[in-house]
Amino acid sequence: MKKLMQLGLFAGIALMLAARSFLLPNGLVAAQQNFTWPQIALTEVTGGLQAPVHITHAGESSGRLFIVEQAGRIRIFKGNLFNTPFLDISDRVRSPQSGGGSEQGLLSVAFPPGYGVSKDYFYVYYTRTDGNNQLSRFHLTNDPNVADANSEEMILSFDHPQYQNHNGGQLVFGPDGYLYIGTGDGGGGGDPFGNAQNPGVLLGKILRIDVEAGSPVPITPSHWVYLPLISKSNGGNAPATYRIPETNPFVGKAGYRGEIWALGLRNPWRFSFDRMTNELYIGDVGQNQYEEVDFQPATSPGGENYGWNIMEGFHCYASSSCDQTGLMLPVAEYNHSADISITGGFVYRGQDYPSLQGIYFYGDYGSGRIRGLQHQGSNWDIKEDKILLDTAYQISTFGEDQSGELYLADYSGGTIYRITEAAP
């Protein structure tokens, strides 16, 4: 079997069993420990879905899983798949099912802290029929299992000219209560518009905004520098607003959009916070050669530049050499010898399978392989072949329920699986 995981200068070096440490290009220590990787299996949870691309929970005690179908619907699973969609906005979503590109559609949903207790609304990210992407808020009907498709409030739109790919699409409420948004670089090969390294645009970034601030503060020049309020029209609805947190890394810096939390990303399709440590893991889809996992420590003030399109993984992109000053290199990469496109996942923090504890699970959409990554402090456990399971599935997303158990979606099969320990 060809080696599929290469890490920095140590690609191709067979690992010994004795514990040793190596310095990665990003300054972290790669710890080669006596770690026994678990045997994992997949247990089918439900089928009958059409192109599932996101799995999440609402942060309340209902036990429901919310599954996003790319065409524009959100489905609920609780013991069985509900027949009535939680939300259906397929009439305003551009997706492969309506003639759009393969990476367009309804891409994710996020529920704010306090949902189901003091809040009856949630947020979605989708591609509009004009090809641009949009962040919107929707409210519930009187039925907690059905949202009001006519209650849409537009929060933010992202111009996405010319190309259909690299839309990003991940929404996550972070441990700080702010909404994190992943945006692609605008598409095309090699970032032809230079968006990922352009601090004046929102594409090719992870953004952090405050959508839960309550009553807005009137805009004055001083507020614009330190706590700006953005307002968008919603076709007759009350204006939807968001604030830029004053602790964002580029607030007040000339030439920088204050919403930016991190830059230099190609298409951060799926990213997640470790619910125990608050560390951020980013699966950034590569160009032609390398897929990568990027990492942000919980103590980071933001502002990391993850290198695209200067770098692809640990390698200079389209050049034999490049200036890597100020760049945050990945903690893991793998090549395209048999894989195509990374799908970022989650660190397992559930209780049902102790041998999975602390492992970051991620996969590949093209090969169906599931990989693992493990670290302790600044030490990263590196294994020459970190493939934990070969599957025949198109892994479009991983998901986490409220108790920390992990799931994945098979895009073409329309099936959700739970990640478990393999039977002895």
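Leaving aside its neighbours within four places in sequence, which residues is Arg92 in contact with?

Mentor: Happy to, and keep in mind that this is a predicted model. Once you set aside the neighbours within four places in sequence, Arg92 is in contact with Tyr126, Thr127, Arg128, Thr129, Phe138, Ala149 and Glu152. Arg92 itself belongs to the loop between strand E8 (87-88) and E9. For Ala149 there is a distance to look at: its backbone oxygen lies 3.0 Å from a polar atom of the Arg92 side chain.

E9, E10, E11 and E12 make up an open sheet of 4 strands, in the order E9-E10-E11-E12 and with antiparallel pairing. Strand E9 (106-110) and strand E12 (147-158) are at the edges with a single partner strand each, so one side of each has no neighbour in the sheet. From one strand to the next, the twist averages 25°. E9 and strand E10 (residues 121-127) run antiparallel and are joined by 4 bridges. If you want one to find on screen, go to Leu106, whose bridge partner in E10 is Tyr126.

Together with Phe66, Phe86, Phe111, Tyr115 and Phe122, Phe138 forms one aromatic cluster. While you're there, have a look at Arg137: its charged end sits over the ring of Tyr121, 5.3 Å from the ring centre.

That arrangement has a counterpart elsewhere in the chain. Arg270 lies over the face of Trp269, 3.7 Å from the ring centre. Arg270 is part of strand E19 (residues 270-273), which is covered on both faces: Arg270 and Ser272 are buried on one side, Phe271 and Phe273 on the other. E19 pairs with strand E20 (residues 280-284) in the antiparallel sense, over 4 bridges, and the bridge partner of Arg270 in E20 is Gly283. The two strands form a hairpin with 6 residues between them, and Asn278 in the turn has a positive phi of about 70°.

Back to rings for a moment. The structure holds 21 aromatic pairs. One of them is Trp308 with Tyr317, a tilted pair at 4.8 Å centre to centre with 55° between the planes. Trp308 is buried, at a relative accessible area of 3%, whereas Tyr317 is partly exposed at 22%.

Another tyrosine to click on is Tyr334, in strand E24 (residues 332-335). Tyr334 counts as buried, with 1% relative accessibility. Its side chain and that of Asp364 are joined by a polar contact of 2.5 Å. Tyr334 and Tyr290 are 44 residues apart in sequence, yet 5.6 Å apart in space, C-alpha to C-alpha.

Finally, zoom out to the whole chain. Its secondary structure comes to 1 helix and 32 strands, and 57% of the 424 residues count as buried. Among contacts with a separation of 6 or more, 57% are between residues 24 or more positions apart.

Methods
Residues numbered from 1 in each chain as written. Predicted model: local features only at pLDDT ≥ 70, side-chain atom pairs only at ≥ 80, totals over all residues. Heavy atoms only, no water. Phe/Tyr/Trp six-rings, centres within 6.5 Å; stacked < 30°, edge-to-face > 60°. Buried < 20%, exposed > 50% of the residue type's maximum accessible area, 1.4 Å probe, protein only. Lys NZ or Arg CZ within 6 Å of the ring centre and 35° of its normal. Pairing = 2+ DSSP bridges. Axes fitted to C-alpha atoms, helices over the stretch in contact; angles between N-to-C directions. Polar contact = N/O pair within 3.5 Å; in protein donor to acceptor, adjacent residues only side chain to side chain. Contact = heavy atoms within 4.5 Å.
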